[in-house]
Amino acid sequence: MIKFKEAQKIILKNVRQLSLEKINISFVLGRILGENIYSNINIPPFSKSAMDGFAIRYKDIVDLNGKNCVSLKIIADLPAGKTFKRELKIGEAVRIMTGAPVPSGADIVVPIEDVQVDGFYVRILKTYKQGTNIAPIGEDVQKGELVMEKGSLLGPAHIGMFAALGKKEVKLYKKPYVAILPTGSELVDISKSLTKGKIRDSNSYSLNAQVTEAGAAPVKFPICRDVEEKLTREVQKGLKYDVLIVSGGISVGDYDFVKRVFEKLKIKEIFWKVAIKPGMPVFFGKFKDKLVFGLPGNPVSVMVTYELFIRPALLLMMGRKDCFREEVSAVAKCEIKHKRGRLDFIRGNLNWQDGEYFVSPTGFQGSGVLKSMVQANSLIVIPENLDLIPAGTKVKVLKLK
Ligand code: AMP
Ligand code: MG
């Protein structure tokens, strides 16, 4: 059985970045940028007024000491979107609105609230520093500047910036299509009623959401019963996608056919079983350039093994540089029990208090207890060689949100 870190390393070594596609910027939220973005313009493209007021020359008011005032002739009105054609001369002022280009020769905008207007004249009562209330050309972005790096996760601000730069489309890494195949003769979908001995399939729903959260494209398959021929057909269909996740049937029970089907279909086993809890019998293999994961069917095992192994792989396929969850150190709020032997990922509730992280397990930790995941925002990582963590001990925690 291999160790956790080794398994994670092996998966990432086997991941290829997907190719690029051009997408309209209205549809790129949450995607990963596949190119460096340079600006071919200055933003703003001209020096612009940051206030409604009067554009004036510093030279005309330099001698004001607070006692005198200067009257300047108002020679034009300049709303945003219009330009003033000539240079401002001695004794002149232009009434200017926020966003309008500052006339050449002017180097201060005096706010409207600070002046007295008297017919065609404006009275300036005090002096200002040169550049006051003027956003200089290129204040936000300089022509030629590298604005965003390849591999950036795109949020609303990035999208606004693309528009400001005049970019209608950008290059992104393609999304991996991820087939999700729930297996188990005991499973029924939510659309059907529960009969004796049956349980609802929750795994394909939580996996569907997890894959969506990563920004990849889930393709949910219907429930497959534990019948070898049926399973073979469904796995074959699943191999058409970039990634196949099979839930359930990967252990050694009499009806666990998944591994046998993988072998029959020439899916190359890269590892089976990792020294972790929950999720020990997790399988990773390859079929040509497709990634294949077999996850033990317990709802918590599915979600945790997805987090540890599949999410980083999907993010890397989409070009993301930081593909791991943030790891923090936290104080255990209570004693944590653990059986020696396997690296344990205990579902935790992490919170920040007085400058420190604190964490406590979310109730009973069985690998079938999905509620422990519902209440969790993190995974507490307990090393294999410990058997009891006293309250107050510092522990390693992976943030899930
Ligand atoms: P298996 O890995 O197939 O042995 O399943 C382990 C446990 O997880 C069993 O109790 C199953 O009933 C349960 N299980 C398997 N698949 C699902 C699923 N899709 N949704 C909820 N529970 C499941
Ligand atoms: Mg099963």
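Okay, let's start with two helices: the axes of α4, residues 203-213, and α7 come within 10 Å and cross at roughly 25°. One thing to keep in mind throughout is that this is a predicted model. Angles under 35 degrees count as roughly parallel, so α4 and α7 are roughly parallel to each other. Their crossing is right-handed.

Who makes that contact? On the α4 side you have N203, S206, L207, Q210, V211 and E213, and on the α7 side P299, V302, M303, Y306, E307, R311 and L314. Sort the residues of this α4 and α7 contact by class and you get seven nonpolar, three polar and three charged.

Now stay on α7, which covers residues 299-317, and bring in α1, residues 4-13. The axes of these two come within 9 Å, with a crossing of roughly 30°. That angle is under the cut-off of 35 degrees, so α1 and α7 are roughly parallel to each other too. The crossing of α1 and α7 is right-handed. From α1, the residues involved are F4, A7, Q8, I11 and L12, and from α7 they are L308, F309, P312, A313 and L316. And what about the classes here? The contact of α1 with α7 has nine nonpolar residues, one polar and no charged ones.

Right, on to the ligand. How many residues surround ligand 1? There are 15, and the closest are E186, D201, S202, G249 and G297. Let me pick out three of those for you. D201 uses its side chain: a polar atom there sits 2.8 Å from a nitrogen of ligand 1. A backbone N or O atom of G249 is 2.9 Å from an oxygen atom of ligand 1, and for G297 a backbone N or O atom is 2.7 Å from an oxygen atom of the ligand.

As background, most residues other than glycine have a negative phi, and most peptide bonds are trans. So where are the exceptions I want to show you?

Start with I43 and P44: the peptide bond between them is cis, with omega near -5°.

P278 belongs to the loop between β19, residues 276-277, and β20, residues 283-287.

And finally K273. This one isn't a glycine, yet its phi is positive, about 85°. You'll find K273 in the loop between β18, residues 268-272, and β19.

That's my tour, so over to you.

How values were computed: Residues numbered from 1 in each chain as written. Chains lettered and ligands numbered in written order. Predicted model: local features only at pLDDT ≥ 70, side-chain atom pairs only at ≥ 80, totals over all residues. Heavy atoms only, no water. Axes fitted to C-alpha atoms, helices over the stretch in contact; angles between N-to-C directions. Helix = DSSP H or I, 4+ residues; strand = E, 2+ residues; numbered from the N terminus. Parallel < 35°, antiparallel > 145°, perpendicular 65-115°, else oblique. Left-handed = near helix turned anticlockwise from the far one by under 90°. Contact = heavy atoms within 4.5 Å. Nonpolar A, V, L, I, M, F, W, Y, C, P; charged D, E, K, R; others polar. Near = heavy atom within 4 Å. Polar contact = N/O pair within 3.5 Å; in protein donor to acceptor, adjacent residues only side chain to side chain.
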